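Please consult the sequence and the model while reading.

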Amino acid sequence: MPAQLKFGVQALMLDAWNPGDLNLFNQIQVPDEDPSQTLLCHAACVLGNQPLEEGLGEITLFLEENPREVLTIIFESHISSAELAAAFDAAGLTQYTYQHASGAWPTMGTMIDAGTRLVAFQDIATDPAYPWLMNVWEFAFETDYASVPADFSCEHNRGNSTNDLFIFNNFLTNVFGSPESAEQVNYNPFLTARINECEAFHATMANFVTVDFISIGDTKITVDELNRERSF
């Protein structure tokens, strides 16, 4: 994550698990580990994982060293809100979180001035004890990922299409992503054409452009150009 943040990534999609959970293949995620731990990993944690607190600590350090950066995390959460919040506290990250109730979203400048520079979403129900851990589908909608480029669609997947925030997914996966798949969809003109098509379809700009392997292809330069065009 530090390399991605340094590269210019401003939103992260992270999966949080306990080692004793069953993975998508109905196997224990990380056998012989303390089942009460919390981990960052995707699908099969035995293939690679990081302690959740450690990973969040890397984000805390980035925010400390870059006082004018605003970040978003979207969690696919297989742990409770209490467990996730405890890791935020332990990592010193809670102090930066932003809580949105309703109405218009603030500008980034407003968030920077207030010191609330981290938007934290999760895909499970909101716990009133942690109102800054917001349910992503109360505020956002998404297009779907695909397994082959021809299957991409601009139809909305999860979330109400009238929600404020648009998550434009542009990655190929069959449980796992791969550099070879990223090579097919992260380059222009394919990437820009898809963004333009789906923004026109929904009559709104994409707030998040999500890809696998950010270092492959044209995502960073494309998003930078779109931001320049829309700045005022």
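Q: Is A43 buried or exposed, and with what relative accessible area?
A: This is a predicted model, in which local features need pLDDT of at least 70 and side-chain atom pairs count only at pLDDT 80 or more, while totals for chains, interfaces and linings use all residues. Residues are numbered from 1 along each chain as its sequence is written, and side-chain values use heavy atoms, with hydrogens and water left out. Buried means under 20% relative accessible area, exposed over 50%, and partly exposed in between, with a 1.4 Å probe and protein chains only. A43 is therefore buried, its relative accessible area being 2%.

Q: Which residues does A43 touch, not counting those up to four places away in sequence?
A: A43 lies in the loop between β2 (39–40) and β3 (50–51); helices (H or I, at least four residues) and strands (E, at least two) are DSSP runs, numbered from the N terminus. One residue 14 places apart from A43 in sequence is Q29, and their C-alpha atoms are 8.5 Å apart in space. With contact meaning heavy atoms within 4.5 Å, the residues that A43 touches are D15, W17, N23, L24, Q29, V175 and F176.

Q: Which cysteine forms a disulfide with C41?
A: A disulfide is counted when a pair of cysteine sulfur atoms lies within 2.5 Å, and by this rule the count comes to 2. The link of C41 is right-handed, with 60° about the S-S bond, and both of its cysteines are buried. The sulfur atoms are 1.9 Å apart, and the partner of C41 is C45.

Q: Is the disulfide of C154 and C198 left-handed or right-handed?
A: The sulfur atoms of C154 and C198 are 2.0 Å apart. This pair links distant parts of the chain, 44 residues apart, with C154 in the loop between β7 and β8 and C198 in helix α6. C154 counts as buried at 7% relative accessibility, as does C198 at 0%. The torsion about the S-S bond is about -80°, so the disulfide is left-handed.

Q: What does the span of helix α6 come to between its end C-alpha atoms?
A: Helix α6 covers residues 190–202, which makes 13 residues. The expected span of a helix is 1.5 Å times one less than its number of residues. For α6 this gives 18 Å, which agrees with the distance between its end C-alpha atoms, 18 Å.

Q: Within what arc do the buried residues of α6 fall?
A: The buried residues of α6 are L191, R194, I195, C198, E199 and H202. Seen down the axis they line one face of the helix, because they fall within a limited arc, taken from the directions from the helix axis to the C-beta atoms. On the other side of α6, E197 and A200 are exposed. The arc that holds the buried residues is 125°.

Q: Which elements are included in what covers the buried residues of α7?
A: The 12 residues of α7 should span 16 Å at 1.5 Å a residue, and its end C-alpha atoms, 17 Å apart, agree with this. Its buried residues are T219, T222 and L226. They cover an arc of only 70° around the axis, which puts them on the same side of α7, while I221 and R228 are exposed on the other side. What covers the buried residues includes α6 and β9.

Q: Which backbone oxygen does the side chain of N169 reach?
A: N169 is found in strand β8 and is buried, with a relative accessible area of 2%. Among the residues that N169 touches are M13, E142, D144 and R194. At 2.7 Å, its side chain reaches the backbone oxygen of T143.

Methods: A polar contact is a pair of N or O atoms within 3.5 Å; within protein, one must be able to donate a hydrogen and the other to accept it, and residues adjacent in sequence count only if both atoms are side-chain atoms.
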